[in-house]
Amino acid sequence: MSMHPPDAPGVAYRVAQLGAFGVMLAGLFDLAVPRLMPHHEAFLQVAAGGAPEPTAALVLLMLHMLGVALAGVGVAGLALLSAWRRTGDRTSALAAAVIVGVVATTHAWAVHTAGSVLFLGPLASALFVTIGVGLLLRRRSHITNGKQRQTG
């Protein structure tokens, strides 16, 4: 099912973009982490700098791999939102919300489980993209007297 995209990006579209952009930024942040953070060490139940080198290397490797995946999901979300703007295909916006929302929520849960307040970033991203797309998809196209009008 498709709908005609609005002429100018509205607030809902920008909010959805912000969510996808936030996931991309979270991925870039994870890629830039040079050593275990305090919440990693607390989760591993070791003192600061006390994690065995192989364990620290493995955690960082996994964190960097996560960063690549998150950055990719964020870029994909932005591309899907852009496709919706170009084509009016609602499934693109819905796919962006589902993919970015699920990944960001899972990321937030994992960060929270590790004991870091940084979970608020991915949680906000998940909320932004799902709320933004939800508001976009609430709009219905109506044909009235041969003219298309948008209702909110």
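## How helix 1 meets helix 5

In this predicted model, helix 1 passes helix 5 in a left-handed crossing (the near helix is turned anticlockwise from the far one by less than a right angle). Helices here are DSSP runs of H or I with at least four residues, numbered from the N terminus.

Helix 1 covers residues 11–32 and helix 5 covers residues 120–138; their axes sit 7 Å apart, at an angle of about 150°. Axes are lines fitted to C-alpha atoms over the stretch in contact, with angles from 0 to 180 degrees between N-to-C directions. That makes the pair roughly antiparallel, a label for angles over 145 degrees.

## Who touches whom

On the helix 1 side, the contact residues include Tyr-13, Leu-18 and Val-23, and on the helix 5 side they include Phe-128, Val-133 and Leu-136. Contact means heavy atoms within 4.5 Å. The contact splits into 12 nonpolar, 4 polar and no charged residues, with Gly counted as polar.

## The nonpolar cores

The largest nonpolar core has 20 residues, and Val-23, Leu-81, Val-100 and Val-133 touch the most other members. Such a core is a set of buried Ala, Val, Leu, Ile, Met, Phe, Trp, Tyr and Cys residues joined through side-chain atoms within 4.5 Å, where buried means under 20% relative accessible area with a 1.4 Å probe, protein chains only. Helix 1 gives this core its largest share, 6 residues.

Apart from it lies another core of 7 residues, among them Val-33 and Leu-60.

Residues are numbered from 1 along each chain as its sequence is written. Local features need pLDDT of at least 70, side-chain atom pairs count only at pLDDT 80 or more, totals for chains, interfaces and linings use all residues, and side-chain values use heavy atoms, leaving out hydrogens and water.

Conventions
Helix = DSSP H or I, 4+ residues; strand = E, 2+ residues; numbered from the N terminus. Parallel < 35°, antiparallel > 145°, perpendicular 65-115°, else oblique. Buried < 20%, exposed > 50% of the residue type's maximum accessible area, 1.4 Å probe, protein only.
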